[in-house]
Amino acid sequence: MNISEKELRQIIAGVVEETLKAKSEAIRQDFVKEKDPSGIIMVKTDTVKCEPFSDTKGVYVKDILELDEAPRMGAGVMELDNTSFEWTLTYDEYDYVISGELEIEIDGRVVKGKPGDIIYIPKGSHIHFQTPSKARYAYFVYPADWQSQ
């Protein structure tokens, strides 16, 4: 199969355009997110800077996927700094503990997660997220648009 110089230039221009677009999107964000043309998205969680969550002291959060990128599942990073807050889930959630110790209190019992642990919290659970010091974890929710539920 022979490729003409014109076709080769078009292929190279397309690859360069996609690469520049992906890098440009990563620069516009406050964390590193790389998007493959296939739809695969990779986020460097250590670059995610969380922001204060509402007026709850010691709670910081950052969604890492937009609904147009991942319309079915949501994801983000949350940090707790020696705090506790009550929450009722209107969605299913997985929490992957990155650092520290995450505690989920439900019905007077406490489930403790340490780095590397995954905690599943079913829809409808009324819980207290808490930590004895600091914790950082990634959360994954279904459905992604849980606020419209």
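The largest pocket of this predicted model is lined by 24 residues, of which Asp63, Tyr139, Val141, Trp146 and Gln147 lie nearest its centre. A pocket is here an open set of points on a 1 Å grid over the protein atoms alone, where a 1.4 Å probe fits, with protein on both sides within 12 Å along at least five of seven lines, and lining residues have an atom within 4 Å of a point. Two or more lining residues come from each of strand 4 (59–63), strand 5 (74–81), strand 6 (84–88), strand 7 (92–100) and strand 12 (134–142), where strands are DSSP runs (E, at least two residues) and helices are runs of H or I with at least four, numbered from the N terminus. The space in the pocket amounts to about 470 Å³, and its lining divides into 17 nonpolar, 2 polar and 5 charged residues.

Residues are numbered from 1 along each chain as its sequence is written. Local features need pLDDT of at least 70 and side-chain atom pairs count only at pLDDT 80 or more, whereas totals for chains, interfaces and linings use all residues, and side-chain values use heavy atoms, without hydrogens and water.

Gly76, placed in strand 5, counts as buried because its relative accessibility is 0% (buried, under 20% relative accessible area; exposed, over 50%; partly exposed, in between; 1.4 Å probe, protein chains only). Between the C-alpha atoms of Gly76 and Tyr139 the distance is 5.4 Å, although 63 residues separate the two in sequence.

Strand 7, strand 10 (118–121) and strand 12 each give two or more residues to the patch, while Met73 lies in the loop between strand 4 and strand 5.

The count of salt bridges (a side-chain nitrogen of Lys or Arg within 4 Å of a carboxyl oxygen of Asp or Glu) comes to 7. One of them joins Lys62 to Asp30, with the closest N and O atoms 3.2 Å apart; since Lys62 belongs to strand 4 and Asp30 to the loop between helix 1 (5–28) and strand 1 (33–35), the pair ties together parts that are 32 residues apart in sequence. Lys62 is buried at 15% relative accessibility, whereas Asp30 is partly exposed at 37%. Salt bridges that share partners join Asp30, Glu51 and Lys62 into one network.

Definitions and conventions
Grid points are joined across faces, edges and corners, and a volume is the space filled by probe spheres set on the points. Ala, Val, Leu, Ile, Met, Phe, Trp, Tyr, Cys and Pro count as nonpolar, Asp, Glu, Lys and Arg as charged, and the others, Gly among them, as polar.
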